[in-house]
Amino acid sequence: TTLDEVPKLFTLATLTSVIAFIARDLAVIGSAGIGTKQLVFLIGVLTIFFGIGRVIARYVARRTSPSERLLVVGSDSDAEELARKIEHSPSVKATIVGRVPIAFDELPGGHSKVLGGAGDLRRVVETFQIGRIVVIPGNRHADEVSDVVRAVKSIGMKISLMPQLFDAIGWAVEADDVGGEQIIGVRDFR
């Protein structure tokens, strides 16, 4: 979000203002130059306007761009969970077209639309005009997930891999008990 980018926007505004301050003798005719107060004011104004500009640009882009068509490679429950998250996220403009099970042995069924098998990725992508494939490994073996990722990369698709909790944080965790509630603590990596 733009709020997360405020430090970068502040840095950009500061850099722009410092360049203006250094170049003041070239840019300003006469003895009136940019002083310290004007420099601080310029940094503040530029930071605010850069932020407003980004908000407007994102709004226009979200309104004018088409919805990205997603194919989920994973289980029915994972596809449903991702669909709920997308539905409740106003900053994401995407539609889940359907899913493909990771494994060949998964039984069909569930609420999400199964568009084919793991070996049918190229056909599914072309038939349903998929823009991105989201791989949700669940509890599948790493070899199965690697095979799917290689297959997706071989057809030249954009790919997003949704890590599971322990894939994201590794095994550097500690279990804590707080009033009977189990909490997972992540160890310091330093």
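Guide: Buried means under 20% relative accessible area, exposed over 50%, and partly exposed in between (1.4 Å probe, protein chains only). The model is predicted: local features need pLDDT of at least 70, side-chain atom pairs count only at pLDDT 80 or more, and totals for chains, interfaces and linings use all residues. Residues are numbered from 1 along each chain as its sequence is written, and side-chain values use heavy atoms, with hydrogens and water left out.

Visitor: Is glutamine 129 buried or exposed?

Guide: Glutamine 129 sits in the loop between H5 and E3; helices (H or I, at least four residues) and strands (E, at least two) are DSSP runs, numbered from the N terminus. Although glutamine 129 is not a glycine, its phi is positive, about 50°. Its relative accessibility is 58%, so glutamine 129 counts as exposed.

Visitor: Which residues does threonine 47 touch, leaving out those up to four places away in sequence?

Guide: Threonine 47 belongs to helix H3 (residues 36-64). Threonine 47 is buried because its relative accessible area is 15%. Contact means heavy atoms within 4.5 Å. Not counting residues up to four places away in sequence, threonine 47 touches Leu9, Phe10 and Ala13.

Visitor: Within what arc do the buried residues of H5 fall?

Guide: In helix H5 (residues 121-128), the buried residues are Leu121, Val124 and Val125. Seen down the axis of H5, they line one face of the helix, because they fall within an arc (taken over the directions from the helix axis to the C-beta atoms) of 100°.

Visitor: Against which elements do those buried residues of H5 pack?

Guide: H5 lies across E1, E2 and E3, running at about 155° to E1. Axes are lines fitted to C-alpha atoms, for helices over the stretch in contact, and angles run from 0 to 180 degrees between N-to-C directions. The buried residues of H5 pack against strand E1 (68-73), strand E2 (94-100), strand E3 (132-135) and helix H6 (142-154).

Visitor: In what order do the strands stand in the sheet?

Guide: Two strands pair if DSSP finds at least two bridges between them. E1 and E2 run parallel and are joined by 6 bridges, while E1 and E3 pair in the parallel sense over 4 bridges. The 4 strands form an open sheet with parallel pairing, in the order E2-E1-E3-E4.

Visitor: Which strands stand at the edges of that sheet?

Guide: An edge strand has a single partner strand, so one side is left without a neighbour in the sheet; this applies to E2 and strand E4 (158-161).
Within E2, 5 of the 7 residues are buried, so E2 is largely enclosed by the rest of the structure. The edge strands are thus named as E2 and E4.

Visitor: What is the bridge partner of valine 73 in E3?

Guide: Valine 72 has its bridge partner in E2, namely arginine 99. For valine 73, the bridge partner lies in E3 and is valine 135.

Visitor: Which members of the largest nonpolar core touch the most other members?

Guide: A nonpolar core is a set of buried Ala, Val, Leu, Ile, Met, Phe, Trp, Tyr and Cys residues joined through side-chain atoms within 4.5 Å. Not counting residues up to four places away in sequence, isoleucine 130 touches Arg69, Leu70, Leu71, Val97, Val124, Val125 and Met157. Of the 17 residues in the largest core, those that touch the most other members are Leu71, Val73, Leu121, Ile130, Ile133 and Met157.
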